[in-house]
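User: I would like to learn how to read some features of a protein model. Could we begin with contacts between charged side chains?

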Amino acid sequence: ADVSACLITKTDTNPFFVKMKEGATTAAKELGLKLKSYAGKVDGDNESQVAAVETCIADGAKGILITPSDTKGIVPAVKKARDAGLLVIALDTPLEPISAADMTFATDNLLAGKLIGQWAAATLGDKAKDAKIAFLDLAPSQPSVDVLRDQGFMMGFGIDTKDANKIGDESDPRIVGHDVTSGNEEGGRSAMENLLQKDPTINVVYTINEPAAAGAYEALKAVGREKDVLVVSVDGGCPGVKNVVGGVIGATSQQYPLLMASKGIEAIKKYAETGAKPEATAGKNFFDTGVTLVTDKPAKGVESIDTKAGLKKCWG
Amino acid sequence: MEKTPILTARGLVKRYGRVTALDHADFDLYPGEILAVIGDNGAGKSSLIKAISGAILPDAGEIRLDGKPVSFRSPMEARDAGIETVYQNLALSPALSIADNMFLGREIRRPGPLGSVFRMLDRPAMEKIAREKLSELGLMTIQNINQAVETLSGGQRQGVAVARAAAFGSKVVIMDEPTAALGVKESRRVLELILEVRSRGLPIVLISHNMPHVFEVADRIHIHRLGKRLCIINPKEYSMSDAVAFMTGARPAPEEALAA
Amino acid sequence: MEKTPILTARGLVKRYGRVTALDHADFDLYPGEILAVIGDNGAGKSSLIKAISGAILPDAGEIRLDGKPVSFRSPMEARDAGIETVYQNLALSPALSIADNMFLGREIRRPGPLGSVFRMLDRPAMEKIAREKLSELGLMTIQNINQAVETLSGGQRQGVAVARAAAFGSKVVIMDEPTAALGVKESRRVLELILEVRSRGLPIVLISHNMPHVFEVADRIHIHRLGKRLCIINPKEYSMSDAVAFMTGARPAPEEALAA
Amino acid sequence: MQSTNAASQPSQEFEKVLVDSSTQVASFEHERSLTERFQHFLHSSPAAVPLIVLVLSLIAFGAILGGKFFSAFTLTLILQQVAIVGIVGAAQTLVILTAGIDLSVGAIMVLSSVVMGQFTFRYGLPAELSVLCGFAVGAACGFINGALIAYMRLPPFIVTLGMWQIVLAANFLYSANETIRAQDIEATAPILQFFGNSLRLGGAVLTYGVIAMVLLVAAIWFLLNRTAWGRHLYATGDDPDAAELAGVNVKRMLLSVYTVSGLICALAGWALIGRIGSVSPTAGQFANIESITAVVIGGLSLFGGRGSILGMLFGALIVGVFSLGLRLIGTDPQWTYLLIGVLIIGAVAIDQWIRKVAG
Amino acid sequence: MQSTNAASQPSQEFEKVLVDSSTQVASFEHERSLTERFQHFLHSSPAAVPLIVLVLSLIAFGAILGGKFFSAFTLTLILQQVAIVGIVGAAQTLVILTAGIDLSVGAIMVLSSVVMGQFTFRYGLPAELSVLCGFAVGAACGFINGALIAYMRLPPFIVTLGMWQIVLAANFLYSANETIRAQDIEATAPILQFFGNSLRLGGAVLTYGVIAMVLLVAAIWFLLNRTAWGRHLYATGDDPDAAELAGVNVKRMLLSVYTVSGLICALAGWALIGRIGSVSPTAGQFANIESITAVVIGGLSLFGGRGSILGMLFGALIVGVFSLGLRLIGTDPQWTYLLIGVLIIGAVAIDQWIRKVAG
Ligand SMILES: Nc1ncnc2c1ncn2[C@@H]1O[C@H](COP(=O)(O)OP(=O)(O)OP(=O)(O)O)[C@@H](O)[C@H]1O
Ligand SMILES: Nc1ncnc2c1ncn2[C@@H]1O[C@H](COP(=O)(O)OP(=O)(O)OP(=O)(O)O)[C@@H](O)[C@H]1O
Ligand SMILES: OC[C@H]1O[C@](O)(CO)[C@@H](O)[C@@H]1O
Ligand SMILES: [Mg+2]
Ligand SMILES: [Mg+2]
């Protein structure tokens with residue numbers, strides 16, 4: 001019989017997920033799987049993802065690949081699917097608890113954050129101790145990616161994170177503030193403007209992803225500050241890497257959504273044929289699809305590749 | 001006229017923004033009479049009866065029913081006290097049936113727990129009574145009591161409104177220009193209804209601009225002018241010309257009528 | 001009556017869902033006359049004049065103005081052809097000023113590019129003309145031409161609507177129950193306005209349920225019944241009782257009137 | 001009515017002839033075509049159109065998808081997916097029947113569910129008590145809406161727009177955006193997940209949430225059609241001034257409708273916990289739009305006074321059938337949204353067509 | 001009016017006395033209190049209330065925040081943040097003045113901006129032509145709204161609700177969700193970012209987007225108050241039946257208003273590219289709510305026919321001042337939403353209070 005699989009992304013508008021879908025479609029075609037894709041209406045829309053999971057069960061799919069919008073909220077629906085014998089793999093964003101999925105194929109988001117944090121600290125050198133940092137986060141509900149990257153950045157930069165599971169409880173005076181962006185350009189611009197008002201001397205900007213970074217850059221440009229602020233981000237999409245070339249972003253942690261998708265499809269096929277579930281990367285509780293820092297201004301002590309190499313591996 | 005009035009008002013005041021609609025208006029209605037209220041447009045006739053029937057709350061003044069002071073905060077309260085009103089704009093709910101409209105706000109519930117616990121309506125009972133009331137008043141051209149009011153002609157609607165007031169009014173029936181939009185024939189029917197109601201012993205307040213009709217049916221005529229009662233005249237003692245002259249200010253009101 | 005009619009209609013039909021409001025109705029209006037249209041409620045009088053004035057599109061039938069067939073798809077088109085109408089519900093815009101209302105749909109623009117390019121209104125000109133028209137018709141109790149219509153009394157509004165029709169009607173003026181909600185005094189004023197308009201040579205169609213008024217001013221009376229013209233009578237040859245009898249079906253219409 | 005025996009001697013000469021006047025009325029039926037008769041049937045049964053559309057879409061998707069769609073499991077899954085919208089839609093129906101609109105339903109639902117969760121977990125109240133508190137909060141929000149609309153005469157659109165923002169912000173501020181995990185609820189306060197329990201009959205899975213929706217709609221149908229409250233509600237929506245003068249206490253009516261709406265939203269909040277397992281302050285973002293959509297497709301008039309709550313239920317089911325059916329076919333979800341947009345406009349267009357001739 | 005010379009001999013005896021009737025009218029001014037006079041002033045100048053609120057809030061935040069707030073830079077930043085909402089709000093104002101509502105403004109704006117971008121980058125059209133195409137698409141969407149509302153007489157709420165979903169879905173389907181990078185636009189088609197350019201005067205930064213908003217509002221003010229089109233628009237919103245009978249072509253009016261609304265949304269889409277630099281299909285999700293909020297706080301009546309476009313502008317600025325001011329004070333953004341909710345309800349409550357006595 002036909003083996004069918006589902007891909008459920010947070011939205012179908014973020015290029016990251018668009019690419020992920022393309023990757024999954026290609027892989028499914030190669031392996032002879034039927035694939036159906038679903039998405040939430042906006043980042044954070046849990047109900048649509050729940051309905052999608054239920055549809056996959058009704059549809060008799062063998063497995064589900066999901067990038068959860070509400071990492072805690074989706075858990076019961078995932079459990080239903082697993083109870084019905086489906087393999088559920090979280091992509092990109094781990095569930096809470098991470099064990100709620102059969103496996104997670106993701107960037108090590110904490111590491112992704114650490115890398116850009118270290119790079120920023122190293123690049124600033126002595127000036128790091130009186131940096132002024134803006135954090136452009138994802139959503140008020142603090143989904144796991146948001147927390148991991150944000151807190152990872154702080155660790156890399158040398159900021160005391162207090163509770164590493166919580167954004168916003170820190171007291172380091174170098175933090176100007178946090179604001180949410182919904183991971184898109186418009187949110188990035190408004191959040192940046194707001195934080196600039198709070199403190200116009202901001203010189204480091206952490207962003208949850210590259211669309212948010214692009215929005216932030218427009219706000220900086222509007223006040224003529226685009227040259228003297230370090231913007232770091234996560235994603236490594238082709239537009240993002242080009243933005244690194246163009247100096248919009250100083251450094252970005254590149255992730256590999258196509259790999260997540262193709263690995264996920266392979267795992268479902270294998271599970272359908274043999275019943276075997278995928279294994280985690282040694283020493284971690286998830287399958288690490290890798291992360292690489294991309295920058296043209298390498299900093300001492302932080303491993304990175306340049307944009308030429310980055311462009312070869314970029315997606316979208 | 002030596003009887004005591006059933007309904008009186010003294011010193012009613014009602015302001016709308018910069019307009020004073022009622023300016024210390026008085027009012028008296030005696031048992032079993034038809035009292036006509038006449039006056040120019042905007043004289044405050046509708047405001048007066050709205051104040052009496054609980055549709056608006058006067059800013060000042062006192063209303064007494066059967067000698068006891070009352071203060072209606074809604075048309076419901078006035079109705080419960082026995083005052084039924086046919087408003088200038090009818091006050092029927094177009095989408096509801098004739099029976100529903102007649103019983104609006106005084107529905108009959110099923111006997112037993114269906115009624116007391118589940119508050120279920122007794123449709124058959126309400127329909128039966130509605131049909132009776134309509135035919136009592138000779139309104140049998142309406143075939144279907146469950147017809148929506150919006151499917152009736154203007155004259156028929158007017159008939160339903162008047163029938164409702166006549167059927168349920170236990171103390172007073174008030175009608176605000178019931179024939180304004182009606183044709184000759186339809187107006188006549190409403191006048192007959194009014195006489196019919198009086199013949200059952202109920203006093204009626206009739207507001208109208210139609211002098212021949214007023215003089216035909218009224219026992220007394222209350223002339224309203226500039227927000228207050230100007231005078232009361234007996235239609236047998238004064239002519240239509242007199243009434244119009246007083247009402248429009250063409251001639252001053254007679255002394256003895258003022259004191260009435 | 002040997003003149004040719006200025007406005008005629010033949011075989012007008014208009015259905016609303018299950019109701020036939022106009023059932024092959026005919027109509028004739030002669031130059032300089034006041035033609036009264038009477039009939040029971042729901043006889044189709046308003047529907048008739050709405051069809052003539054472009055407010056509704058008849059399902060069938062023909063209308064001729066000055067002998068030429070016309071087919072108005074909107075009140076605008078009828079107005080442009082010189083037919084002005086005072087509708088039963090007045091058709092004034094409450095929030096706009098008197099001047100704005102009088103010129104609605106026929107605004108005057110500034111001379112020069114301000115008007116032709118920027119399409120800017122010539123407020124002073126419009127106000128001046130509006131004031132002239134109102135005082136020409138003796139409506140000078142209105143002080144401020146820039147007052148919003150909603151601040152006027154019912155009688156004053158009626159006056160504005162009538163003045164607008166009288167001022168701009170170049171061929172025909174139609175009035176649908178202009179006095180229905182008015183008091184004795186206010187009704188009288190409107191009647192005088194109607195006579196005033198006729199004295200300027202314009203023919204008028206007047207719909208009314210007030211027989212004394214109809215018989216006072218009308219040159220001819222069109223009796224409408226069950227959706228069609230029943231007959232036309234001359235008020236000097238027939239009494240009000242005759243008219244009412246024909247209109248309500250109490251007596252058949254006379255042969256010669258049918259042929260009219 | 002015949003000339004009565006009362007003293008009726010017309011003073012005006014011309015009125016005397018009226019005794020002989022004809023009693024014929026000026027409306028005569030003309031031949032009615034089949035279309036017109038069909039239109040008339042549809043007009044007199046307001047839930048018929050959505051029901052027909054529902055049946056047709058079931059048949060269409062059944063034909064395309066076969067047993068995968070026409071299984072007890074899938075059909076009851078639709079019910080599950082529609083349950084929350086159906087409950088919120090019941091609240092919306094009441095409000096829209098009064099010619100109002102409630103944009104705060106989604107926010108009230110979420111706040112109520114958050115209160116039920118947080119009161120249990122943050123303050124350690126017994127879960128049953130927290131549920132009651134959730135209902136109280138829902139009713140209070142509705143009450144405030146109602147008071148502003150009924151007594152201060154503010155437009156419902158604006159009041160509930162403001163309330164939406166206020167309640168949603170309060171919800172985020174109060175909950176600190178924390179999701180309460182399903183596992184914790186299951187362990188400590190399973191009653192919060194009450195509506196997630198289910199009856200299984202063969203492949204059919206009827207959650208208590210679905211049963212609650214059906215019972216709620218039935219109860220409201222009864223209230224609307226068999227009690228004075230329902231008649232007064234229709235009258236209020238039809239013409240509030242007339243209703244007031246005719247003896248309906250319109251203000252109290254509006255106050256009660258919005259309060260009941262708040263209560264029903266709290267019920268929806270409880271059912272929401274059952275459906276998604278956890279308590280999430282970000283849930284229910286689309287409940288406003290979805291409930292209004294169900295009402296509109298269900299043939300209720302936004303001008304109030306017309307339509308049936310059954311129509312709303314069918315409307316919600318139509319959206320549910322389309323959503324699941326199209327998902328099963330594997331179409332891009334955006335096509336679903338597009339189609340629902342077309343359905344919305346189509347529904348009122350049909351409605352208009354029916355009214356046009358049926359009169 | 002005096003008894004005229006025309007042949008007026010009343011046939012009814014009692015009418016003959018009218019020649020002597022008094023000309024006094026039944027409305028007499030009573031002493032007016034200061035409050036009432038103030039209310040009357042506010043009533044006759046519909047944009048005064050929002051203007052007063054705006055000034056008060058500027059003063060309040062200035063007092064709390066001092067120079068940080070009262071700088072040319074900050075004040076012009078507010079303008080920048082408000083520009084898009086102000087432009088869309090102008091479209092919304094026109095529609096609401098006709099007693100309608102346009103829920104599709106945000107979607108039309110985004111689709112237009114996507115068309116401007118994709119036509120340039122996907123099909124290689126000259127950017128100027130793509131911009132024109134964007135305007136054409138905006139106008140077409142508005143035209144369809146208008147046609148359905150004017151000619152099929154469907155309720156605006158429902159038509160634009162459906163259109164919203166349809167346009168948004170079409171936008172995602174067409175754009176394939178691709179964002180066009182700011183840098184690419186800058187290199188190839190800088191005209192798309194035209195409205196991002198700015199005039200700097202000292203600390204003040206006036207983007208062309210801001211200037212466009214101000215000019216647009218001024219132009220519409222002129223249209224509404226100085227042309228027949230504007231008078232007809234008010235009359236249509238006030239009472240469409242009366243307007244129709246009085247000689248306004250209501251259908252054509254509605255058609256033109258919704259089409260113009262679509263055009264303005266396309267302008268907003270262009271300005272949006274200037275603001276966020278890139279072309280993103282996910283932008284503008286809140287434009288509906290924000291534009292309606294600006295209109296409502298600006299004191300325009302949702303029932304149509306009343307209010308001034310200047311009110312809308314002040315309304316948008318009030319929201320902008322509060323949003324930025326509260327951020328600067330450092331409050332949680334949710335407090336801003338909560339406050340805006342209160343403002344919305346407060347605005348109409350004040351409006352109601354003014355109407356109550358001012359009559
Ligand atoms: N709801 C209201 N708001 C503002 N003004 C009002 C209101 N109701 C009545 N008025 C004003 O109060 C005055 C008296 O009105 P009312 O309706 O009582 O007069 P009336 O004698 O019934 O006139 P008519 O014969 O035209 O019915 C008028 O000037 C009217 O404009
Ligand atoms: N818009 C409409 N929709 C449905 N039916 C209508 C409409 N307009 C008129 N009718 C019906 O058409 C018939 C004729 O109405 P019309 O208003 O022409 O009568 P009329 O002679 O002017 O009556 P009145 O003297 O009461 O004004 C009536 O039965 C009426 O109910
Ligand atoms: O919106 C947050 C999401 O955005 C991404 O960074 C892609 O742009 C994802 O990895 C993350 O889940
Ligand atoms: Mg009155
Ligand atoms: Mg009529």
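Analyst: A salt bridge is a side-chain nitrogen of Lys or Arg within 4 Å of a carboxyl oxygen of Asp or Glu. The model here is predicted, so local features need pLDDT of at least 70 and side-chain atom pairs count only at pLDDT 80 or more, while totals for chains, interfaces and linings use all residues; side-chain values use heavy atoms, with hydrogens and water left out. Residues are numbered from 1 along each chain as its sequence is written, and chains are lettered from A and ligands numbered from 1 in the order in which they are written.

User: How many salt bridges are there over all chains, and which residue forms one with Arg189(A)?

Analyst: Over all chains the count comes to 60 salt bridges. In one of them, Arg189(A) pairs with Glu193(A), and their closest N and O atoms are 2.9 Å apart. Helices (H or I, at least four residues) and strands (E, at least two) are DSSP runs, numbered from the N terminus. Arg189(A) and Glu193(A) both belong to helix α6 (residues 185-198) of chain A and are four residues apart, about one turn of the helix.

User: Next, the ligands. Which residues surround ligand 3?

Analyst: A residue is near a molecule or strand if one of its heavy atoms lies within 4 Å of it. The residues around ligand 3 include Lys10(A), Asn14(A), Phe16(A), Phe17(A), Asp92(A), Leu138(A) and Arg149(A). To sort such a shell by class, Ala, Val, Leu, Ile, Met, Phe, Trp, Tyr, Cys and Pro count as nonpolar, Asp, Glu, Lys and Arg as charged, and the others, Gly among them, as polar. The shell around ligand 3 has three nonpolar, four polar and five charged residues.

User: Which side chains have a polar atom close enough to ligand 3 to count as a contact?

Analyst: A polar contact is a pair of N or O atoms within 3.5 Å; within protein, one must be able to donate a hydrogen and the other to accept it, and residues adjacent in sequence count only if both atoms are side-chain atoms. For oxygen atoms of ligand 3, the distance is 2.5 Å to a polar side-chain atom of Asp92(A) and 2.8 Å to one of Arg149(A). An N or O atom in the side chain of Lys10(A) is 3.0 Å from an oxygen atom of ligand 3.

User: How much of ligand 3 does the protein bury?

Analyst: Accessible areas come from the Shrake-Rupley method with a 1.4 Å probe; for residues, only the protein chains shown count as cover. Ligand 3 exposes 310 Å² when taken alone, and the protein buries 100% of that.

User: What surrounds ligand 1?

Analyst: The shell of ligand 1 holds 14 residues, and the closest are Asn41(B), Gly42(B), Lys45(B), Ser46(B) and Ser47(B). Polar side-chain atoms of Asn41(B) and Lys45(B) each lie 2.7 Å from an oxygen atom of ligand 1. A backbone N or O atom of Ala43(B) is 3.2 Å from an oxygen atom of ligand 1. Alone, ligand 1 exposes 630 Å², of which the protein buries 64%. Two or more residues of this shell come from each of β2 (19-29) and α1 (45-52) of chain B, and α1(B) gives the most, with three. By class, the shell around ligand 1 divides into four nonpolar, seven polar and three charged residues.

User: And which residues come nearest to ligand 2?

Analyst: Of the 14 residues around ligand 2, the nearest are Asn41(C), Gly42(C), Lys45(C), Ser46(C) and Ser47(C). Backbone atoms also make contacts: a backbone N or O atom of Gly44(C) lies 2.9 Å from an oxygen atom of ligand 2, and a polar backbone atom of Ala43(C) lies 3.2 Å from one. A polar side-chain atom of Glu177(C) is 3.3 Å from an oxygen atom of ligand 2. On its own ligand 2 has 630 Å² of accessible area, and the protein covers 65% of it. The largest share of this shell comes from α1(C), with three residues.

User: Where does the backbone of chain A have a cis peptide bond?

Analyst: The bond from Glu96(A) to Pro97(A) is cis, with omega near 0 degrees. Pro97(A) is in the loop between β4 (87-91) and β5 (103-106) of chain A.
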